[in-house]
Amino acid sequence: PTQPRRSTNFEVVLHTAMRPFFGVVLALCGATALLQQQQHWSAVHRRPDPPQSSVDDPRRAHVPQLLRAKIGASSSRGAPVRALAIEEMIDKSKTDRLAHLEAQAMAALTAAVEEFEHPVFPNAMIVGDCVITHLLSKLDYLKTDKVKIMVVDTFHLFDSTMPFLETLEAKYGFEADVFKADGCETLEDFEKTYGMGLWKTSVAEYDRAAKVEPFQRGLKTLAADVMINGRRRDHGADRAYIDIAEVAPIGGGLAKLNPLAYWTFEDCFDYAAMEGVPLHPSVAEGYPSQGDAKDTVPVPDPEGLSGVKGDKGSVRFVDGTWHGDKTIWLNYGSERIGRFVGLSEEEGKKKTECGIHVDGAERSWDRDLWGGVGNDAPSAVVTLATQDEALALKNSGEPAVIVVYAPWCPFCQAMEPEFEKLAEELSAKGITVAKYRGDVDRPFVKAEFNVKAFPTINVVTPDGLVKYESEDRAKEQMLAFFAETTGVAV
């Protein structure tokens, strides 16, 4: 085989001398190749230059015309123009939102008229109720009397409330049906019948006499089959999950429509400003919500009773314009922080509802407890229909149980099943368990049956009545008390 040629000394020397030069050439070649590769990559993957489109470019059709003009000019005129454009976009978003909410609410109100025979709107003239009144007018449901407006006069409203109602009636062309406490036409009549300061001695009794009873009587008188009201989710936790309609039967078949359920308090003010909706005069004086003047304060108020201390009227809404820090009114659940000041439920819970919208208020509409009107369920509880019947059982000396109750009272409603069980067990042994409705005969039951609040349960013994003081109204507890008091084995 041929032997490989050996390099001469010259070749070895030449190669050694040229090695640095070859290194430089190789480096230059590599750099050139890398640069060419990067240029190719950029040509393939670079973003295209934006087209020089005009403000009339169809791709900007969703942007308001004036806003597009400002965007087109912004590159030459700077950031302030862009800020103005954004503000306009925000304003348009609010307008679009109000248009959607209006359409939604009007569709609900239209359904109330088309799907029900006797829609009734109990109007308290708070901000949301004023908005609903305006919407009903836009639908022409007020002048045509397709929706009845109902107002409950508690005799304790703001002095400006009933005159403001007259303003609304004149503007929108309707006449409200006003309901008051049974048998009363004036505050003097109310205090003569129920005593002065009833709301101080019993909030539940006051609510029943001044609000719930006339409210229910109004619904019955107007034959309501759907009730329109202004409750909203942002009122607070008690209403956080209400829907725009509650069509399930409530207390004899009454349905509820909440056209503003998904609105916020701010939406109501924005809409009122946009549409020129008249608002209660007290709104301009610093009151975000209107109820009874006796327990309603401005927000902020000088004494901080609302939870926000400050000068009266430091926050107010006048002729569509805010004055002061509006967030104090508009924060979640804050609309009614100036309402029910100093009032508590009988179980000690702070009062948050007016009495009309509490659980069970509609349940007693045309409905009694333990049988009776509107309640077809058979009952072992004996009805004492007159004072003479009640006194006869009381004075008989025979072991018996008597409950003095009010059908609208949630505590009475809560004990209905357990008291029925008690009646079934005792009546099987020949022992009378009876009821007497006390809310319509309060002086009598207070004098004769130890009544301070509802329900009041008494056990009849030969020595007179013994009041059951416990709030545990389970059948077994009441039964044990009866046995201990009367000595009757049960």
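The model is predicted. The protein contains 14 helices and 13 strands. Of its 490 residues, 44% are buried. Contacts between residues at least 6 apart in sequence were examined, and 69% of them join residues at least 24 apart. The exposed surface comes to about 25700 Å². Carbon and sulfur atoms supply 54% of that area.

The largest nonpolar core has 48 residues. Leu136, Phe269, Leu279 and Trp329 have the most contacts inside this core. Helices H3 (79-115), H4 (127-138), H5 (161-172), H9 (265-275) and H10 (327-330) each supply at least two residues of the core. So do strands E2 (148-152), E4 (226-228) and E6 (254-257). The largest share, 8 residues, comes from H3. Another core, of 40 residues, lies apart from the largest one. Its members include Tyr405, Ala406, Cys409 and Phe454.

The buried residues of H4 run through Val127, Gly128, Asp129, Cys130, Val131, Ile132, Thr133, His134, Leu135 and Leu136. Leu136 is also among the residues with the most contacts inside the largest core. The length of H4 agrees with expectation: at 1.5 Å a residue, its 12 residues should span 16 Å, and its end C-alpha atoms are 17 Å apart. Asp140 follows H4 and has a positive phi, near 65°.

Technical notes: Residues are numbered from 1 along each chain as its sequence is written. This is a predicted model: local features need pLDDT of at least 70, side-chain atom pairs count only at pLDDT 80 or more; totals for chains, interfaces and linings use all residues. Side-chain values use heavy atoms; hydrogens and water are left out. Helices (H or I, at least four residues) and strands (E, at least two) are DSSP runs, numbered from the N terminus. Buried means under 20% relative accessible area, exposed over 50%, partly exposed in between (1.4 Å probe, protein chains only). Contact means heavy atoms within 4.5 Å. Accessible areas come from the Shrake-Rupley method with a 1.4 Å probe; for residues, only the protein chains shown count as cover. A nonpolar core is a set of buried Ala, Val, Leu, Ile, Met, Phe, Trp, Tyr and Cys residues joined through side-chain atoms within 4.5 Å. The expected span of a helix is 1.5 Å times one less than its number of residues.
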